Amino acid sequence: MNTMLYTLFPKFFQSLDVHRLAEVAQASGFDAVDLVVRDGYWVTPERFAEEAPAFVQAMQRNHMKVEFATTGFSPEMLAQDDTPLKVMSDIGIRGFRMSYFSYDEREPLFAQMEQARASMQQMAELCAKYNLKAVYQVHHGERMLIHHAYAALTLVDGLPAEHVGIMLDPGNQFHEGTDNWKRAISTLGANLAGMGMKDARYVFNSEDKAAPNKGWSKQWTPCQDGVTNWHVIAKTLHEAKFQGVLNFQPFYHSNNLDLLIPALQEEVAYIKKAMQETGEGTA
């Protein structure tokens, strides 16, 4: 991946066949579509070796790249059987989103972080054999170990950046607070492999103002409508000479493609404009 790659995580497009998915992605301004490895999708874990090449070939026939995969592969799983790594390498995948590390409140935090770090070391060694990069996505939730850029940095600092990296995610991280995006991107440096392109906003319900949350909740929304300053992110990515994936994860209008598709097209156009406006003089 030599430049920023605009790629679609098609979680809510599973009702479409591969040809129609490629049409939607192309019309929305994407360079590529993720290879999603999940039950009920175009490529399943059980038939990965057969379905993954077929998906990539079908996308290529429809003029769409497939260079990034969304998987649940863990280092432990791949140490037992590294066939998925060979398959991905053979079909042109350059990086893949790996499994998450779980948080156990009964165990000391730093012990868990040390174990996660050891797992990332193992993953780097596995990926080196096939010239792949495993990417860990920062995620919100009580069960997730890594909520923040600096926790993510401890996973990969000093490990080979060509084989393990981090995907920051402003939408996910907003659910835990937020981040200083300029500092996060700059500090991760070569360890930054991707940006999860999704956003969210605060929503106020006056009927719940006496509740502990005082009526406030958080809701997924397109990048053009959310709380994140994408111009700061875009400018810092340019300054960092970022060459990873911009992985669009449209979690809004999840049950209505008639609303989702035009909102996604607007979202991609918004981000491309922000990239263009902030890129002058930073290359």
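**A guided look at one chain**

Mentor: Let's start with contacts, meaning heavy atoms within 4.5 Å. Among those in the protein chain between residues at least 6 apart in sequence, 77% join residues at least 24 apart. This is a predicted model, where local features need pLDDT of at least 70 and side-chain atom pairs pLDDT 80 or more, while totals for chains, interfaces and linings use all residues. Residues are numbered from 1 along each chain as its sequence is written, and side-chain values use heavy atoms, leaving out hydrogens and water.

Trainee: What makes the protein chain as compact as a globular protein of that length?

Mentor: The chain has 10 helices and 11 strands (DSSP runs numbered from the N terminus: H or I of at least four residues, E of at least two). Its radius of gyration is 19 Å, close to the 19 Å that the globule rule gives for 283 residues, so it is as compact as a globular protein of that length. The radius is taken over C-alpha atoms, and the rule is 2.2 Å times the number of residues to the power 0.38. Along its principal axes, the C-alpha trace spans about 55 × 50 × 45 Å.

Trainee: Why does Cys127 count as buried?

Mentor: Its relative accessibility is 0%, and buried means under 20% relative accessible area, with exposed over 50% and partly exposed in between (1.4 Å probe, protein chains only). So Cys127 counts as buried. Cys127 sits in helix H5 (residues 109-128). Beyond neighbours within four places in sequence, Cys127 contacts Leu85, Phe96, Leu132, Lys133, Ala134 and His163. Of the 283 residues in the chain, 52% count as buried.

Trainee: How do you know that Lys198 forms a salt bridge with Asp169?

Mentor: A salt bridge is a side-chain nitrogen of Lys or Arg within 4 Å of a carboxyl oxygen of Asp or Glu. For Lys198 and Asp169 the closest N and O atoms are 2.7 Å apart. Lys198 lies in the loop between strands S8 (192-197) and S9 (199-204), and Asp169 in the loop between strand S7 (164-168) and helix H7 (170-174), so the pair ties together parts 29 residues apart in sequence. Lys198 is buried at 3% relative accessible area, and Asp169 is buried at 0%.

Trainee: Which residues form salt bridges with Glu239?

Mentor: Lys182 does, with its closest N and O atoms 3.3 Å apart. That pair links helix H8 (residues 181-188) to helix H9 (residues 230-239), 57 residues apart. Lys235 does too, at 2.5 Å; Lys235 and Glu239 are four residues apart in helix H9, about one helical turn. At 33% relative accessible area, Glu239 is partly exposed.

Trainee: Why is Trp216 called partly exposed?

Mentor: Its relative accessible area is 41%, so Trp216 falls in the partly exposed range. Trp216 is in strand S10 (residues 216-221). With Tyr202, Phe204 and Val227, Trp216 forms a nonpolar surface patch of about 420 Å² accessible area together. Patch residues have over 30% relative accessible area and no salt bridge; like charges are joined within 9 Å, nonpolar side chains (Val, Leu, Ile, Met, Phe, Trp, Tyr) within 5 Å. Areas come from the Shrake-Rupley method with a 1.4 Å probe; for residues, only the protein chains shown count as cover.
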